[in-house]
Amino acid sequence: MRIDIATLFPEMCEAVLSESILGRARKKDCFSLQCWNIRDYTLDKHRRVDDVPYGGGRGMVMQAEPIFRCYEAVCAQTQSRPHTIYMSPKGKVFNQQRALELAVMPHIFILCGHYEGVDQRVLDEIVDEEISIGDYVLTGGELPAMVVADAVARMLPGVLPEDLCFEEESHFNGLLEYPQYTRPAVWHDKEVPPVLLTGHHLHIADWRFAKSLEETKVKRPDLYADYLNKK
């Protein structure tokens, strides 16, 4: 899989996506990720990529042409048109199911907005979907883009040791994950649940499922209701 991120701050994205699990996976070529500086594609000698909004108002709006030229450069390099995502608070809220769907795509291009947003004309021309990571507004699309890239890339073959690393986590099957424990067996007079010390895999699996149901019912009753309806 290939992920391209178009941003005004490529170093910001690289600093995060080159570390830890994703960084190691990139070095092993489990997937390809490249960050593109939109300023490299402006025709303005001062490298400006924004201008005042038509109709008035505060702030600046990112211009269509630099973004489109950056997008064209990616298409030319890959000889294909990527699935293009614009990170926007107006988009559909991102979830695990959408991450799964994106993970099977061969190529995604993520556009990070900034300032007061992006000229609508380029969005209409190149964007396939808008995605939000929550009902709030950030200063730019870089953090949301990294969230999407992380959630998608970690499910690709070879990134994690095995599929169970993510299949038993929160949201994968519609439930929140069960509680986790590690050594020591007693800490601050609190003991690890005895079933986890038995080595009996079936009993442990039953306990974990029951705890997942309990956690979801208490912490996310909306997810719990959806899970019961689907069952």
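Modeller: The buried residues of α8 pack against α9 (221-230). Keep in mind that this is a predicted model.

Colleague: Which residues of α8 are buried?

Modeller: They are Ile204, Trp207, Ser212, Glu215 and Thr216. Seen down the axis of α8, these buried residues fall within an arc of 165°, so they line one face of the helix.

Colleague: Why would residues a few places apart point the same way?

Modeller: An α-helix has 3.6 residues a turn, so residues three or four places apart point the same way.

Colleague: Which residues are exposed on the other side of α8?

Modeller: Leu202 and Lys217 are exposed there.

Colleague: What should α8 span, and how far apart are its end C-alpha atoms?

Modeller: Helix α8 covers residues 201-219, which is 19 residues, and at 1.5 Å a residue it should span 27 Å. Its end C-alpha atoms are 26 Å apart, which agrees.

Colleague: New topic. Where is valine 148?

Modeller: Valine 148 is in helix α6, which runs over residues 142-153.

Colleague: Buried or exposed?

Modeller: Valine 148 counts as buried, because its relative accessibility is 0% and the cut-off for buried is under 20%.

Colleague: Which residues does valine 148 touch?

Modeller: Leaving out residues up to four places away in sequence, valine 148 touches Met87, Phe94, Leu102, Ile110 and Ile131. As for alanine 99, it is 49 residues from valine 148 along the chain, and the two C-alpha atoms are separated by 7.2 Å.

Colleague: Staying with α6, at what angle do α1 and α6 pack?

Modeller: Helix α1 (residues 10-17) packs with α6 at an angle of about 35°, and their axes are 10 Å apart. The crossing of α1 past α6 is right-handed.

Colleague: Which residues make that contact?

Modeller: From α1 there are Met12, Cys13, Val16 and Leu17, and from α6 there are Glu142, Leu143, Met146 and Ala149. By class, the contact of α1 with α6 has seven nonpolar residues, one charged residue and no polar ones.

Colleague: Last one. Where does arginine 24 lie, and is it buried or exposed?

Modeller: Arginine 24 lies in helix α2, residues 20-27. Arginine 24 counts as exposed because its relative accessibility is 52%, and the cut-off for exposed is over 50%.

Colleague: How far is arginine 24 from methionine 12?

Modeller: Their C-alpha atoms are separated by 18 Å, and the two residues are 12 residues apart along the chain. Methionine 12 is one of the α1 residues in the contact with α6.

Terms used. Residues numbered from 1 in each chain as written. Predicted model: local features only at pLDDT ≥ 70, side-chain atom pairs only at ≥ 80, totals over all residues. Heavy atoms only, no water. Helix = DSSP H or I, 4+ residues; strand = E, 2+ residues; numbered from the N terminus. Expected span 1.5 Å × (residues − 1). Buried < 20%, exposed > 50% of the residue type's maximum accessible area, 1.4 Å probe, protein only. Arc of directions from axis to C-beta. Contact = heavy atoms within 4.5 Å. Axes fitted to C-alpha atoms, helices over the stretch in contact; angles between N-to-C directions. Left-handed = near helix turned anticlockwise from the far one by under 90°. Nonpolar A, V, L, I, M, F, W, Y, C, P; charged D, E, K, R; others polar.
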